[in-house]
Amino acid sequence: MHKLEEAGVIIVLPVLNEAENIVPLLEGIHRELSNIPYTVCLIDDGSKDGTVEKIYQLMSSGKHHLHLIQRQKTWYGSQRGSALQIGMEWGLHHTLHEIFVEMDGDLS
């Protein structure tokens with residue numbers, strides 16, 4: 001398993017149908033953290049509004065430090081807790097980041 005080689009910040013970001021918010025949110029994160037190592041781990045639970053496509057567009061630009069985990073909701077209601085757990089586990093196993101931050105994809 002290859003780990004990202006610098007300590008820094010990981011932002012765990014569960015998203016679901018956030019097409020309107022995802023670009024401004026990720027651009028803002030990049031603006032604020034561009035001088036330090038960071039990764040945004042996005043966990044998408046089956047967005048159907050173009051959120052995933054917008055994330056892939058940003059990933060292909062090479063400017064952002066993004067990792068996307070895609071899941072499908074299997075029951076009604078919030079699955080935010082399990083999304084956060086998966087994102088944190090991914091960060092622990094695949095990065096050397098020492099600061100973990102959790103945010104919401106709706107700009108709240």
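These legends describe several views of one predicted protein model. Local features need pLDDT of at least 70 and side-chain atom pairs count only at pLDDT 80 or more, while totals for chains, interfaces and linings use all residues. Residues are numbered from 1 along each chain as its sequence is written, and side-chain values use heavy atoms, with hydrogens and water left out.

**View 1**
Helices (H or I, at least four residues) and strands (E, at least two) are DSSP runs, numbered from the N terminus. Along the sequence they follow the pattern β-α-β-α-β-α-β. Of the 108 residues in the protein chain, 43% are buried; buried means under 20% relative accessible area, exposed over 50%, and partly exposed in between (1.4 Å probe, protein chains only). The accessible surface of the chain comes to about 6,300 Å², and 54% of this surface belongs to carbon and sulfur atoms. Accessible areas come from the Shrake-Rupley method with a 1.4 Å probe; for residues, only the protein chains shown count as cover. Among contacts (heavy atoms within 4.5 Å) with a separation of 6 or more, 79% are between residues 24 or more positions apart.

**View 2. The 4 strands form an open sheet with parallel pairing.**
The strand order is β3-β2-β1-β4. Two strands pair if DSSP finds at least two bridges between them. At the edges are β3 (66–70) and β4 (99–102), each of which pairs on one side only. From one strand to the next, the twist averages 20 degrees. Strand β1 (residues 9–15) is joined to β4 by 4 bridges, and these two strands run parallel. Val12 stands opposite Glu102 in β4.

**View 3. Helix α3 (residues 80–94) lies across β1, β2 (38–44), β3 and β4.**
The helix runs at about 150 degrees to β1. Axes are lines fitted to C-alpha atoms, for helices over the stretch in contact, and angles run from 0 to 180 degrees between N-to-C directions. Gly87 is in helix α3 and counts as buried because its relative accessibility is 0%. Leaving aside neighbours within four places in sequence, Gly87 is in contact with Val12, Cys41 and Ile43. Gly87 and Leu42 are 45 residues apart in sequence, and their C-alpha atoms are 7.4 Å apart in space.

**View 4. The largest nonpolar core has 17 residues.**
A nonpolar core is a set of buried Ala, Val, Leu, Ile, Met, Phe, Trp, Tyr and Cys residues joined through side-chain atoms within 4.5 Å. The residues with the most contacts inside this core are Leu13, Ile22, Leu26, Ile29, Val40 and Leu42. At least two core residues come from each of β1, α1 (19–33), β2, α2 and β3. Helix α1 gives the most, with 5 residues. Apart from this core lies another, of 8 residues, including Cys41, Ile43, Ile69 and Ala83. Ile29 is in contact with Ile11, Tyr38, Val40 and Met103, leaving aside its neighbours within four places in sequence.

**View 5. Asn21 sits in helix α1.**
Asn21 is buried because its relative accessible area is 19%. Not counting residues up to four places away in sequence, Asn21 touches Gly105, Asp106 and Leu107.

**View 6. Ser60 is found in helix α2 (residues 51–61).**
Ser60 counts as exposed because its relative accessibility is 63%. The side chain of Ser60 reaches the backbone oxygen of Gln57 at 2.8 Å.

Conventions:
Polar contact = N/O pair within 3.5 Å; in protein donor to acceptor, adjacent residues only side chain to side chain.
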